[in-house]
Amino acid sequence: MTPREPEQTLYLGWEYATPCPDPGPPPRRPVPQQREPMSADWLAAQRREERLINRPLKIIIAVAVGVAVALGACVAGGLLRAIVAGPTIAVFLAAAALAGYAIWQGERVLRGRIEAERERVERLRADAESRHFAGQAEHARLVTQWQRQRSAFESQKHWYGVPLPAGVDRVDVAGGTLSGWSAVLTMLAAGRLATGGEVTVIDLSGGAVAADLVDLSIAAGGVDPAVWVLPRDLPRLDLAASLAAGDLADVLALSVSVAEERSSARELAVDSAILDRVIGALDPSGPSSLARVAAALRALAQVGDLRADVAAGLITEREAAKIAALYGQGATDRVVLERALGIEAQLRKLAEAGREPADRPRGRLRVIAVDQRAGALSAKLLGSFVITTLTHLVGRLPAGGGATSWRHTLVVLGAERLRDDVLDRLTDACESTRSGLVLAYRSVPAPVRQRIGRGNAAVAFMRLGNAEEAKAASDQIGSEHRFVISQLTETVGTSVTDTAGTSYTSTVGDSASTATSTSDNESTSDGSGYSRAAGAGVTPFGGGRSRSGQSGTSHGTSESVSLTEGISTSTAWGVSTSRATGDSESLARSLQRSRELLVEPSELQRLPTTAMIVSYAAPGGRRVLLADANPAIGGLGAATLTPLNEAGELTVPDPVIAAGGVLGWPAATPESALNPNLGPPPSRPDWRRGTRS
């Protein structure tokens, strides 16, 4: 792949993509199978069956032993002779021995069956553990792979630069709003200026689209923008100062024909011939300005005050006499003189151009904007004059070979306001000299649709409000394309607080108070009472009566005088300083898929402000992609100027592990790494087992 030269690369915007998909949640840890013990029910059933089988044998043993003991007792008691009882006892004991042997044999078989069952259970347990350990090893491999994929997913960039491919001569921007154009212009010019390139902006929209770019270049430093707002700054604009007489005549004739909407080649040739003769009659040693050309046209048409123009230094009497002799007074010549009057009427609006040229070094950012307060005719004339002059200046450059150079980029905003022939001459001049050109059309009428994408041009479609224009753009792009509009919000904040304070206090107080109080009171009281108790049959004592009387008089007088006087003085001085420093950082990122976009007229009418659908010819066929021209995306940590097709080589989902981490991606930190499930499984918790502290 040929290395990309930054100074020759023009970035149109940012393309959102995630080459490494989200690996999802980590692999699930294998759950160990519960160990299957030997069935207690089966063991009980086997023992129960064995007991049932041995029950007759045990009865035989009991009966035989009992009979043998009884016979032995009879022999001992002399009831039976030993010779008779001996064989019988031997027979019964033999029967008991045979039954006992049968019982022992059955128990032996039972123990064998139990041991075989135990061995079978152990084999199943060993096989389950072997499968579990294999699952753990596979889980460890999957976790390691997931960590690599997760690290690649989290470390990858989300926004990739969209550079203009080599071989493209021009960029046509169709549609868009003023704010969207401001974003596109800033995106295009910021990269050029950052790498030492030059940008010339011609803003014919009247919306001050380049204001944000100018503010950004001033704030960033290093670039001193030169700005002309027409017609206010016409005296400082000296575009035509370096043009030869013939070129200046062509520029003025074409500008006048645009303003008068006269597109006839014959009329344009007549105007150019008149201007060429008039400019040739002026003294070449004098200052070259449009005001002198306008004065010469007035002298030719014999209008105005010639003495005033001579006094102002715009024309000399010798030049006036020479101009007067150019044409006669016949009917044909009168037509020429009337045409000169019409040309002068238009050039009067440009007469101030270059009168006070700015004496400043050549800047790398130049902006010429038409004020929105300019009249429609003046705006048309000013725009045609600036574009036609630039066309001649570009055409004077040597013809280039090879790829187009974007080191000096020319951007024309509001190109739909230009006449077809003016626009064609500009594009042809830039193409022949291999100069980078960006044309932005606010609307897409029929003449513009015929020129969009013509030649080796890339087309960027932005929001198109008009339904007919949106339908035409949809047909040109192709409705088979599908895009996903995503929204990425990343917030980074840092705050630092530092406070300090000083205090000084001084207080002086003086107080005095006098209080006098006098009180006099007199009171008289008199009272009597009579009572009789009833219910002698209930109370333990008999009934009774009581009588009482009270009388009293009191008189008192008091007087008090209080005098208080005091002076208090307090002074406190000092400096108290409190310093609190806080440093907080916040990082938030939210990513969401907004909606899927189909290239249809309705979708083109509601594109986001800074979104654009870029289409250009590529070696493998025409490429169409969705880009965002918001220059602020470049400040995000998830953005890179590396194109997506070049960055994809570093963002493979399962990269090879290299020393120090995954190739192209940092290794996972120990805190974030997941421990693979190796070794024997942990013991299962037993809730029946109590804990004691």
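Biologist: How many cavities of 30 Å³ or more does this structure have?

Modeller: The count comes to 4. Rolling a probe the size of a water molecule over the atoms shows where empty space is left. Here a cavity is a set of points, on a 1 Å grid over the protein atoms alone, where a 1.4 Å probe fits but cannot get out, and lining residues have an atom within 4 Å of a point. Volume is the space filled by probe spheres set on the points, which are joined across faces, edges and corners. This is a predicted model, where local features need pLDDT of at least 70 and side-chain atom pairs count only at pLDDT 80 or more, while totals for chains, interfaces and linings use all residues. Residues are numbered from 1 along each chain as its sequence is written, and side-chain values use heavy atoms, with hydrogens and water left out.

Biologist: What lines the largest cavity?

Modeller: Its volume is about 50 Å³, and the lining includes Val-173, Trp-181, Val-411 and Ala-440. Helix α3 (178–194) along with strands β7 and β8 each give two or more residues, and α3 has the largest share, with 4. Helices (H or I, at least four residues) and strands (E, at least two) are DSSP runs numbered from the N terminus. The lining has 9 nonpolar residues, with no polar and no charged ones. Ala, Val, Leu, Ile, Met, Phe, Trp, Tyr, Cys and Pro count as nonpolar, Asp, Glu, Lys and Arg as charged, and the others, Gly among them, as polar.

Biologist: And which helix gives the most to the second largest cavity?

Modeller: That is α14 (residues 467–477), with 4 residues. This cavity has a volume of about 40 Å³, and 5 nonpolar, 1 polar and 2 charged residues line it. Arg-449 and Glu-469 are among them.

Biologist: How does α11 pack against α12?

Modeller: Two packed helices are described by the angle between their axes and the distance between the axes. For α11 and α12 the angle is about 25 degrees and the axes are 9 Å apart. Axes are lines fitted to C-alpha atoms, for helices over the stretch in contact, and angles run from 0 to 180 degrees between N-to-C directions. So α11 is roughly parallel to α12 (angles under 35 degrees count as roughly parallel, over 145 as roughly antiparallel, 65 to 115 as roughly perpendicular and the rest as oblique).

Conventions. On a 1 Å grid over the protein atoms alone, a cavity is a set of points where a 1.4 Å probe fits but cannot get out, and a pocket is an open set with protein on both sides within 12 Å along at least five of seven lines; lining residues have an atom within 4 Å of a point.
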